Amino acid sequence: HTHIQDLIAGGTDTSAVAVEWAMSELLRNPDVLAKAAAELDAVVGRGRLVTEQDIPKLPYLEAVVKETFRLHPVSPLLAPRLAREDASTGTHDVPAGTLVFVNAWAIGRDPAVWGRAAAEFRPERFIGSGVDVRGQDLELLPFGSGRRMCPGYTLGLKMVQVTLANLLHAFAWRLPDGVAAEELSMEEKFGLSMPRKVPLEAIAEPKLPAH
């Protein structure tokens, strides 16, 4: 029973948290929001919703999702690893039996990896880049890597992409009156996932025809 609850929580809470962070960053960066909406209009048009088949034709949206995972990894510390034998990585020696936690949050914000603009939300950094979220590029590991990476990463990634795409395509979004973009709180609440400390409040107005 507990394992079933873990699976449900792991597959729903994490996707919802990722979408909320993406919307938060887009509302803080109206130029990025406008680019994502323009791409959706050009590729999908105003006559229908976005489908999974559209995603490969939406590189800017994919870059928005990657940039969200970089700055706001759903699991800030990856699932713990146990060193089965002595190992060495860079300047660190890891004796056999050591329990290792990988800090994906810190890696995603490291200027040595991402440059001086590491703290800024810039999806453009992924346009034309081969860096992906599937565990092969160690600078971006929102789902972990290796045999113990998230078993549902394929579904989770598609859920986030399609949900975010349809929210952006079907509605015009803005912050409530009196809330400036630069004032939007981006504080985090630490846990197994890392949601916003203050839930996001935004105003949506339908863009698509009623049907």
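# Exercises on a predicted model

D86 is found in the loop that joins β1 and β2. Keep in mind throughout that the structure is a predicted model.

**Exercise 1. Is D86 buried or exposed, and how far is its C-alpha atom from that of T98?**

Step 1. Start with the relative accessibility of D86, which is 62%.
Step 2. The cut-off for exposed is over 50%, so D86 counts as exposed.
Step 3. Now take the pair: D86 and T98 are twelve residues apart along the chain, and their C-alpha atoms are separated by 8.9 Å.

**Exercise 2. Where is L77 found, and how does its accessibility class follow from its value?**

Step 1. Look in the loop between α3 and β1 to find L77.
Step 2. Its relative accessibility is 36%. Buried needs under 20% and exposed needs over 50%, so L77 counts as partly exposed.
Step 3. For a sense of its place in the fold, pair L77 with K35: they are 42 residues apart in sequence, and 31 Å separates them in space, C-alpha to C-alpha.

**Exercise 3. What end-to-end span should helix α2 have, and what does the model give?**

Step 1. Helix α2 covers residues 30-43, which makes 14 residues.
Step 2. The expected span is 1.5 Å times one less than the number of residues, so α2 should span 20 Å.
Step 3. In the model the end C-alpha atoms of α2 are 20 Å apart, in agreement with that value.
Step 4. α3, with 13 residues, reaches 18 Å from its first C-alpha to its last, close to the 18 Å expected.

**Exercise 4. Which residues of α2 are buried, and why do they line one face of the helix?**

Step 1. List the buried positions of α2: V32, L33, A36, A37, E39 and L40.
Step 2. Look down the axis of α2: the buried residues fall within an arc of 155 degrees, so they line one face.
Step 3. Finish just after α2, where G45 has a positive phi of about 80 degrees.

**Exercise 5. What lines the largest cavity, and how does the lining divide by class?**

Step 1. Count the cavities of 30 Å³ or more: there is one. The largest cavity holds about 60 Å³ of space.
Step 2. Its lining includes F69, R70, I107, L138 and P142.
Step 3. At least two lining residues come from each of α3 and α4 (104-108), and α4 has the largest share, with three residues.
Step 4. Sort the lining of the largest cavity by class to get eight nonpolar, one polar and two charged residues.

**Exercise 6. Which residues lie nearest the centre of the second largest pocket, and which element gives the most to its lining?**

Step 1. The volume of the second largest pocket is about 640 Å³.
Step 2. Of the 20 residues that line the second largest pocket, R81, L82, V100, V102 and S145 lie nearest its centre.
Step 3. β1 (81-82) and β2 (87-89) are the elements giving two or more residues to this lining. β2 gives the most, with three residues.
Step 4. By class, the lining of the second largest pocket has ten nonpolar, five polar and five charged residues.

Terms used:
Residues numbered from 1 in each chain as written. Predicted model: local features only at pLDDT ≥ 70, side-chain atom pairs only at ≥ 80, totals over all residues. Heavy atoms only, no water. 1 Å grid on protein atoms, 1.4 Å probe; cavity = no way out; pocket = protein on both sides within 12 Å on 5 of 7 lines; lining within 4 Å. Points joined across faces, edges and corners; volume = space filled by probe spheres on them. Helix = DSSP H or I, 4+ residues; strand = E, 2+ residues; numbered from the N terminus. Nonpolar A, V, L, I, M, F, W, Y, C, P; charged D, E, K, R; others polar. Buried < 20%, exposed > 50% of the residue type's maximum accessible area, 1.4 Å probe, protein only. Arc of directions from axis to C-beta.
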